[in-house]
Amino acid sequence: MRVAVIGAGVAGLVTALELAKRGISVSVFERGAALGEQACSWAAGGMLAPWCERESAEEAVVTLGRQALDWWPRHYAGTLAQGTLVLAPARDAGELTRFSARTSGYERLDAEGVAALEPDLAGRFRQGLFFAQEAHLDPRRAMAALVEALQAAGVPIHYGVEADEAALDADRIIDCRGLTARDRLGALRGVRGEMLVLRTDEIRLSRPVRLLHPRIPLYVVPRSDGHFMIGATMIESDDRRQVSARSAIELLSAAYALHPALSEAEIVELRADVRPAFPDNLPGIVEDGRTLRVNGLFRHGFLLSPALAGQVADRLLASRELPDAHHRQRRHA
Ligand SMILES: Cc1cc2nc3c(=O)[nH]c(=O)nc-3n(C[C@H](O)[C@H](O)[C@H](O)COP(=O)(O)OP(=O)(O)OC[C@H]3O[C@@H](n4cnc5c(N)ncnc54)[C@H](O)[C@@H]3O)c2cc1C
């Protein structure tokens, strides 16, 4: 079976690797001239946080997301299993109560517990929640590692190719085009996310920190060399223009509330992109003739791609045994 994967965002790369590992002949087609150039995945925070995400997501996100905690360390050595710290300023303590009521898998921390985990936050927060099983990664490095693994497995990646599904010479096609796939998936919508990257040597964090706020919840994901990704807005819009002044001000003031040193940091990058989402905010695999469309990864591209890729591989291998088993249906992952 020859399979063509369209799109080298996180969904396409993870799926291509999973298929190659199971002995399927795969090629990847990406319209961007270089990795990440046109992918929403390039803007991601890289949090693998199924239990925290349960605050606003269905239980399926936890069930499927747990698989990522096993998959990513096996495919990207830079995956860090340091957990997630959730904090709220004293005046927003109610937010912490609300968050804890909607989630599980955490330990409650007092001020000493917070300081023990993140010494640079000592004295700033009286309580917190620690989700010890969660992990994080640098999305750009992780995607580059997947490209290396694909090359080692002999999978060609063709950049700068606007793939036309009808013209592709392949037995099966996996459409991982993200929001562009709206031409075939009418229910897909865009949810704009804005982020910035700061750099400072004045503060160190070992894990993603979420700062709760009734209006501007924020997270800070530490990266190497003093870099911190600050994210992210959630706006019902498919506008991909640069970060608005208002969002930049809000993200920066929330970062300042976490630690004043962040206000002295250098702004290295401002970026906005649009998450592809189905109406229920859950991902799906849609079968359409010889094509499987993998989409709707919303806030969870890195978290849920491994589970979806496993399902795609299972389906392809099963259909190879039962060639007439094609059926049109949308199935929630
Ligand atoms: C600010 C922000 C923070 C986020 N943080 C997290 C996080 O911490 N954890 C997490 O799990 N998720 C996070 N996400 C969500 C995650 O980024 C998305 O779910 C994910 O990027 C979707 O991946 P994708 O592969 O479906 O789409 P994309 O990454 O957009 O990839 C689609 C690719 O298809 C290519 N393409 C389109 N049409 C064609 C064509 N005809 N031919 C060839 N190529 C084509 C595009 O160029 C693109 O490279 C975040 C998102 C944002 C915006």
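This briefing walks through the fold of one protein chain, from its overall form down to single residues. The model is predicted, so local features need pLDDT of at least 70 and side-chain atom pairs count only at pLDDT 80 or more, while totals for chains, interfaces and linings use all residues. Residues are numbered from 1 along each chain as its sequence is written, and side-chain values use heavy atoms, with hydrogens and water left out.

**The whole chain**

- The chain holds eight helices and 17 strands; helices (H or I, at least four residues) and strands (E, at least two) are DSSP runs, numbered from the N terminus.
- Its radius of gyration is 20 Å, close to the 20 Å that the globule rule gives for 333 residues, so the chain is as compact as a globular protein of that length. That radius is taken over C-alpha atoms, and the globule rule is 2.2 Å times the number of residues to the power 0.38.
- Along its principal axes, the C-alpha trace spans about 65 × 35 × 35 Å.
- Of the 333 residues, 57% are buried; buried means under 20% relative accessible area, exposed over 50%, and partly exposed in between (1.4 Å probe, protein chains only).
- The accessible surface comes to about 14,200 Å², and 48% of it belongs to carbon and sulfur atoms. Such areas come from the Shrake-Rupley method with a 1.4 Å probe, and for residues only the protein chains shown count as cover.
- Among contacts between residues at least 6 apart in sequence, 78% join residues at least 24 apart; contact means heavy atoms within 4.5 Å.

- Strands of a sheet pair through backbone hydrogen bonds, either parallel or antiparallel. Here, two strands pair if DSSP finds at least two bridges between them.
- Axes are lines fitted to C-alpha atoms, for helices over the stretch in contact, and angles run from 0 to 180 degrees between N-to-C directions.
- Strand 12 (residues 218-222) and strand 13 (residues 227-231) run antiparallel and are joined by four bridges. Look for Tyr 219, which stands opposite Gly 231 in strand 13.

- Strand 1 (residues 2-6) pairs with strand 9 in parallel through four bridges, with Ala 4 opposite Ile 173.
- Strand 1 also pairs with strand 2 (residues 25-30) in the parallel sense, over five bridges; Val 5 stands opposite Val 28 there.
- Strand 9 and strand 16 (residues 291-295) run parallel and share three bridges, and Thr 291 is the partner of Ile 173 in strand 16.
- In a regular strand the side chains alternate between the two faces of the sheet. Both faces of strand 9 (residues 172-175) are covered, with Arg 172 and Ile 174 buried on one side and Ile 173 and Asp 175 buried on the other.
- Strand 1 is mostly covered too, with four of its five residues buried.

- The axes of helix 3 (residues 59-75) and helix 6 (residues 139-152) come within 10 Å and cross at roughly 65 degrees.
- Helix 3 brings Trp 71, Trp 72 and His 75 to this contact, and helix 6 brings Ala 142, Ala 145 and Leu 146.
- By class, that makes five nonpolar, one polar and no charged residues. Ala, Val, Leu, Ile, Met, Phe, Trp, Tyr, Cys and Pro count as nonpolar, Asp, Glu, Lys and Arg as charged, and the others, Gly among them, as polar.

- Ala 255 sits in helix 7 and counts as buried at 1% relative accessibility. Not counting residues up to four places away in sequence, Ala 255 touches Leu 218, Ile 230 and Leu 262.
- Leu 317 belongs to helix 8 (residues 301-321) and, at 19% relative accessibility, counts as buried. Leaving aside neighbours within four places in sequence, Leu 317 is in contact with Arg 22 and Ile 24.
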